[in-house]
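Visitor: I am new to this structure and would like to learn how to read it with care. Could you take me through it one feature at a time?

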Amino acid sequence: MRTRVPDGLDDGGVFAHRTRPAVARAAAVAALVVGLVVPAAAAHAAQPLPSGVAAAPKPAPSPGPGPSSANDGAGGGRITFGMTTASGGTTDARGFIAVNAPAGSVLYDNVAVINLSDAPLAVDVYAADVTNGSDGALDVAASTDKKQLAGGWVTLGETKVDLAAQSSKAGPGFKLVPVTITIPKDAEPGDHLAAVLASVTAQGKPGENAPAVNLEHRVGVRVYVTVQGSIRPGLSIKDVRTHFRPGSTFGPGSLDVEYTLTNSGNVRVGVKPSVRATGPFGTSPHTADGTAVAELLPHSSVTQKVSFDGVLPAGLENVVVSAAAVAAQGGSDPGIGTVHASSWTWLWTWVLPGLLLVAGGVVTGFRVRRRRSRPGVWGPPEELWAASTPAGPSGDGPSAATAAAAAPPTGDTAASPATGTETTPDPEPVR
């Protein structure tokens, strides 16, 4: 199970309840909350919760081993707990842990787990990997997931803490938990992200033909580790794909543009994508913003889709995807600027290819019919060929006497003075 970092919980807040001493106000400044899961019943809270604090129904006692839980003895109610950074034996306002050191270093820090409930509370504490989800938001691994990234570099002084109930005299119950960060000697230079989490599991009640479902409530602190070495910011756009969905017969349709943003460097970047589609010669432009990514971790990719309505099928369409690289949350400007990728696609309605096919068939049929109806002229009549065929040297052709005898008498004959026979002049060539 992974927990999504909710939007709007990363800038911290100030808990303004007057009866809370300074430690409660400091706890409310947990600026980078890693997870917050609030059930529907939490909507009836008497007062808003500060960032870094989670609320949940009072869980029932948990028999035997497993996640710790507490009961206020009143048979219901709510629990409220949180986590923030700590130093000097008390909470502080950093909201996240950030270290910058060479590979092989060992660093130490602290977090504080806080109970803002009116009853004692047992909380599980553990470290976990943090990755980008398919939509770009940060996902936090479950406690049972194997640690394969920077979550494995973090060890905690305690994995279970018992917190006293809050009181008007002593304030919230809280406890410091030591955090040790051990950077491997072969760690890749650049940015790495982990989290330290506080967790309480509420046990659900089984229903008729339905098993009990336990709900884990988690809050936490991000751990940013920058390994010194060769820093290489990078951002690229890959696999720009388009799909046109025709509308009416000749009317506009919808154009879907899908693309993949990839952090090709080794430092975190924030990304603000946008898409522009234009027809031939820049006509009929359409623009839209993609989903901004607050933190795209190194070697991570996010696929997004933008759709345009009212796109005319005017033939060739140019699509340009742009992505501005900005400072990641809590980081600095990577200095990449804006990268681009483009694609060309043909936009046709289903009617136009059909009309072109029909028109081609009509033209082809007309040409065939015209060729068949034209009279063919293949040469002179057979009798003209016979009358004008000269005798070959081998005697194959008819003799002059035979040709003369075969020719019909005409008014053009003349008597030969030497032989007294009639000769027929050669026929005129056929033009």
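Visitor: What rules apply to the values you quote?

Guide: This is a predicted model, in which local features need pLDDT of at least 70 and side-chain atom pairs count only at pLDDT 80 or more, while totals for chains, interfaces and linings use all residues. Residues are numbered from 1 along each chain as its sequence is written, and side-chain values use heavy atoms, with hydrogens and water left out.

Visitor: Where in the protein is confidence lowest, and where is it highest?

Guide: Confidence is lowest in helix H1 (residues 22-27), at a mean of 38, and highest in strand S9 (residues 154-156), at 97; helices (H or I, at least four residues) and strands (E, at least two) are DSSP runs, numbered from the N terminus. The protein averages a pLDDT of 75, and 65% of the residues score at least 70.

Visitor: How should I read an aromatic pair?

Guide: Rings of Phe, Tyr and Trp (its six-membered ring) pair if their centres lie within 6.5 Å, and planes under 30 degrees apart count as stacked, over 60 as edge-to-face and the rest as tilted. The count here comes to 1 aromatic pair, formed edge-to-face by Phe96 and Tyr224, at 5.6 Å centre to centre and with 90 degrees between the planes. Phe96 lies in the loop between strand S4 (90-91) and strand S5 (97-101) and Tyr224 in strand S13 (residues 215-227), so the pair ties together parts that are 128 residues apart in sequence.

Visitor: What can phi tell me?

Guide: Most residues other than glycine have a negative phi. Ser284, however, has a positive phi near 50 degrees; this residue sits in the loop between strand S16 (269-278) and strand S17 (286-289), and is partly exposed, with 32% relative accessibility. His299 has a positive phi near 65 degrees, and is found in the loop between strand S18 (293-296) and strand S19 (301-311).

Note on methods. pLDDT is the predictor's confidence in each residue, from 0 to 100. Buried means under 20% relative accessible area, exposed over 50%, partly exposed in between (1.4 Å probe, protein chains only).
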